[in-house]
Amino acid sequence: MKSGIIYLVGAGPGDPDLLTLRAARLIERAQLIVHDGLVDPAILALTRADAQLISVAKQRARHTLPQDDINALLVREAKAGRDVVRLKGGDPFVFGRGGEEMEAAQAAGVRVEVIPGISAANGAAAASGIALTHRNSASIVSFVAGQCKGLTEQDWAGLAGKGRTLVIYMGVKTAPQIAEKLMGDGLAPDMPLAVLENACRPEMRVLRGPLAALPELVEAEAVKSPALIIIGEVTARENTALAEIVAEAVS
Ligand code: SAH
């Protein structure tokens, strides 16, 4: 039997308007969708009424389906002749384990296509009016995972500081260790940062403060995943969050 195709599709940060046309077309015509927990319900609502949706929802410390099982599921369905839309929050190749799924498909001889999505960093930056790079403030931007194997051994030296923007994914739970690590590397305690919770969704929040106050900020505001931490001078530039501009314009 002819194998189906596995499409690794980036669903973007939340708002369905931020899907690529290619992603939207694949989602609308798919018969089998395997999605993770980050995919917004508004995007799942675009699927056909008769589509089969399988959730492999993953949350920190609560893996409902181990990655090997997800890989096996994708390959099994494709080998049975079905096209599979593997839908992931943001971009499949930015902390999305898309690389592992692509390799599993290739190892099994199954055709795989990757459809990029707007990663949380890009979506959050646009929605909050924080330019990740800026001629006067930053010419380097780095993406790091704040919750990963051996956080303390990770070498982040030089990634944050003057002229640089550091975007931390999955850093809510480890905020105290992150602040300590960065200050241990010599970053100024008053380096400005922003925490962007639920970026590109109606309930989005933008919180700001100095690096030293990150743990208190996360604690006092009860910040929940998904949230990004952006560290650098770009977060302190004079800017009004775009959402606020819209709100003012309509009021
Ligand atoms: N592949 C995804 C990232 C998956 S890792 C992407 O490219 O965006 C999951 C982390 O992404 C979350 O812990 C959070 O740090 C970040 N994230 C995803 N969606 C987000 C959103 N709407 N707002 C803020 N952060 C988000």
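**Pocket, helix and fold: talking it through**

Mentor: This is a predicted model, and its second largest pocket has a volume of about 160 Å³.

Trainee: What makes a residue part of the lining of the second largest pocket?

Mentor: A lining residue has an atom within 4 Å of a pocket point. Tyr7, Leu26, Arg29, Ala30, Gln31, Leu32, Arg82, Asp83 and Val85 make the list.

Trainee: And how does that lining split by class?

Mentor: Five residues are nonpolar, three are charged and one is polar. Tyr counts as nonpolar here, so Tyr7 goes in with Leu26, Ala30, Leu32 and Val85.

Trainee: Now H3. How do you know that its span is close to the expected one?

Mentor: Helix H3, residues 67-79, has 13 residues, and at 1.5 Å a residue you'd expect 18 Å. From first C-alpha to last, H3 reaches 18 Å. After the helix comes glycine 81, with a positive phi near 95 degrees.

Trainee: Why are some H3 residues called buried, and which ones are they?

Mentor: Buried means under 20% relative accessible area, and Gln67, Ile70, Asn71, Leu73, Leu74, Val75, Glu77 and Ala78 are buried. Over the protein chain, buried residues make up 47% of the 251.

Trainee: Zooming out, how many helices and strands are there?

Mentor: Eight helices and twelve strands.

How values were computed:
Residues are numbered from 1 along each chain as its sequence is written. This is a predicted model: local features need pLDDT of at least 70, side-chain atom pairs count only at pLDDT 80 or more; totals for chains, interfaces and linings use all residues. Side-chain values use heavy atoms; hydrogens and water are left out. Helices (H or I, at least four residues) and strands (E, at least two) are DSSP runs, numbered from the N terminus. The expected span of a helix is 1.5 Å times one less than its number of residues. Buried means under 20% relative accessible area, exposed over 50%, partly exposed in between (1.4 Å probe, protein chains only). On a 1 Å grid over the protein atoms alone, a cavity is a set of points where a 1.4 Å probe fits but cannot get out, and a pocket is an open set with protein on both sides within 12 Å along at least five of seven lines; lining residues have an atom within 4 Å of a point. Grid points are joined across faces, edges and corners, and a volume is the space filled by probe spheres set on the points.
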